[in-house]
Amino acid sequence: MVKPSAMVLLAAAALAAQSAKYGVGRPPTEDEIRGLGLAIAPDGTGLPEGSGTAVAGREVFAALCSRCHGDKGEGGIGPPLVGGQGTLATAKPLKTVGSFWPYATTVWDYVNRAMPFDQPGLLKPPQVYAVVAYILNLNGIIGSDQVIDAKSLPKVKMPNRDGFVPDPRPDVGNKTRAKR
Amino acid sequence: MKDSGPSSRRQLLRMSAAVGGGLLARPDRPRAAEDMPSELGAPLGPYGDRSPFEKAVRWRRDTKTPQTGSSFTPLEDSVGTLTPSSLHYERHHSGIPTIDPSRHRLLIHGMVERPLSLSMADIRRLPSVSRIFVLECGGNSGSEWAAKTAPDVQRSHGLASCSEWNGVPLSLVLTEARIRSGAAWVIAEGADACRMERSIPLPKAMDDILLAYGQNGEALRPAQGYPLRLIIPGWEGNANVKWLHSLKLADQPYMARDETAKYTDLMPDGKARLFSYQMEAKSVITFPSGGQTLSSPGLYELTGLAWSGHGRIERVEITTDGGRNWAKALLQEPRLPIAFTRFRLPWRFDGREAVIASRATDESGYVQPTRDALIAVRGTNSAYHYNGIKLWKVHADGTVTNVEV
């Protein structure tokens, strides 16, 4: 017997299917959504299971990242991943994960989708957690045995978390433009 | 040297053609006008090439990894308002993927009632539109913040190009997927190696964004996102995600790397501006411009390009005396919103040094500011969204350079 709530759902689905004006495409498969559902929100939405610490991340980094980012993340072929805190308001600002990035979730999201640069998609979630923990630790943001997972990552307070303001333009010259 | 001249070479070619049935034999150098019309031209071809005499190419800034970086449109050689697809600027973060359109799908998911997976054939069945839009990298003219500005217009302004784009209104496809209440952002993702990700506010997505598959009368070029990309009228290029394969409806922006760590403008107080999507009014003189030479004193046509992410160009003024006097330039019609507008003004170069510049006003009444005015507010470390007035110095000998050398 179909439960009433399931019936409501079925009816809603039928309605939704009917309401399509052009009716092109098909429902995506679970695999398709998983494969493309990489995006991680600042509140942690989308983070998978798994965890890691900086201690574990040091090995991942040495094996897969340091040839481009330097032994301690100081930069090389790839940009530096450490340093720059306190430089943003100076003549020579150094923007890094540690000095500039407002959300730790962004580091997870970016490393997971784009790194290693020449082998993207290589890392499994526990490796991503670990190597992100290592980068955060190199920047003095977390301790070396602090466990980073879906719960703790969004709570990491990045040094430049409050360093962003909304776009105020038009800010120069005549400011008569009506904002669109 | 009796056998090496061009005419004896032609004779040889004609002979070999006659003897060897060598109709495919072609002169090994381009023909000059005075050679005409004594010989047969090249046969018809399946896909066109430009004349071998035309040499304009994109300029590429050196990077440590050739898959990241930018290549700049040679605006100084452009005529009219459209950019050939082959010279459209490029900005990639992880190289150009090769995508088989028969296997490419666009996924629409997240806060929608009817998650959808669309093939390219599905997308091409939908009602389509063509619109001419300029596309400008958020970092275009970034070199102008520095004390020493770029030496030519390709390097100072070449991360902007204008094309006819063809595709389906994004609003149509989102409506088809039935957006759930509470959704406020669209998280777009590309199929390149870094899976470029950007967050786009839903009101803009429902307004004028295109799911584009065509450019200048043919399919998108691979470097422009083949087979599918976003075209977001008036917004910084990076948000116009190429190789688009996923749109996720969400209740919040995802704060992707390229909208937090990059493309945010750092102010002198150390704060950075988030989500500066729209490109403001801008113009530049393309002739005469840095690196070019006026061969002699006399009458010339000053010309250049103006555009604004906020709509039509209403007015362009030109100074030839370093900003003391400004004259209205002639604007080429039709003036399309958010597209290159070509401007022109006759000018007599009298053989004395002259500092020339253009200043655009868009339909919102916004006037392109000076470089000094921009720097007074934003300092010199904001990196992106530069739209200051560009000065060129025409020297007495007719050579042209940037002013801040």
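## A buried pair in chain B

The side chains of B:Asp258 and B:Arg257 meet in a salt bridge, 3.5 Å from N to O; the term requires a side-chain nitrogen of Lys or Arg within 4 Å of a carboxyl oxygen of Asp or Glu. Both B:Asp258 and B:Arg257 are buried, where buried means under 20% relative accessible area, exposed over 50%, and partly exposed in between, with a 1.4 Å probe and protein chains only.

## Basis of the description

This is a predicted model, in which local features need pLDDT of at least 70 and side-chain atom pairs count only at pLDDT 80 or more, while totals for chains, interfaces and linings use all residues. Residues are numbered from 1 along each chain as its sequence is written, chains are lettered from A and ligands numbered from 1 in the order in which they are written, and side-chain values use heavy atoms, with hydrogens and water left out.

## Other salt bridges

Over all chains, a search of the whole structure finds 28 salt bridges. One of them connects B:Glu197 with A:Arg113, whose closest N and O atoms are 3.2 Å apart. Because B:Glu197 belongs to strand β9 (residues 197-201) of chain B and A:Arg113 to helix α5 (residues 104-114) of chain A, the pair joins two chains. Helices (H or I, at least four residues) and strands (E, at least two) are DSSP runs, numbered from the N terminus. B:Glu197 is buried at 4% relative accessibility, and A:Arg113 is buried with a relative accessible area of 4%.

B:Asp350 and B:Arg352 form a further salt bridge, with the closest N and O atoms 2.8 Å apart. Here B:Asp350 is partly exposed at 44% relative accessibility, whereas B:Arg352 is exposed at 59%. Salt bridges with shared partners also join A:Asp167, A:Arg169, A:Asp171, B:Arg273, B:Glu280 and B:Arg378 into one network.

## Aromatic pairs

The structure holds 13 aromatic pairs over all chains. Rings of Phe, Tyr and Trp (its six-membered ring) pair if their centres lie within 6.5 Å; planes under 30 degrees apart count as stacked, over 60 as edge-to-face and the rest as tilted. A:Phe61 and A:Tyr134 form a tilted pair, with 5.3 Å between centres and 50 degrees between planes. This pair links distant parts of the chain, since A:Phe61 lies in helix α3 (residues 54-64) and A:Tyr134 in helix α6 (residues 125-138) of chain A, 73 residues apart. A:Phe61 is buried at 1% relative accessible area, as is A:Tyr134 at 4%.

In chain B, B:Trp235 and B:Tyr277 are stacked, at 4.1 Å centre to centre and 10 degrees between the planes. B:Trp235 lies in the loop between β12 (229-231) and β13 (244-250), and B:Tyr277 in the loop between β15 (272-274) and β16 (282-287), so the pair ties together parts 42 residues apart in sequence. B:Trp235 is buried at 9% relative accessibility, and B:Tyr277 is buried at 6%. Ring pairs link B:Trp185, B:Trp235, B:Phe275 and B:Tyr277 into a cluster.

## Charges over rings

B:Arg359 lies over the face of B:Trp326, 4.0 Å from the ring centre, and B:Lys390 lies over the face of B:Trp392 at 4.7 Å. A charge sits over a ring if NZ of Lys or CZ of Arg is within 6 Å of the ring centre and within 35 degrees of the ring normal.

## Chain A as a whole

Chain A has 6 helices and 3 strands, in the order α-α-β-α-α-α-α-β-β from the N terminus. Of its 180 residues, 43% count as buried.
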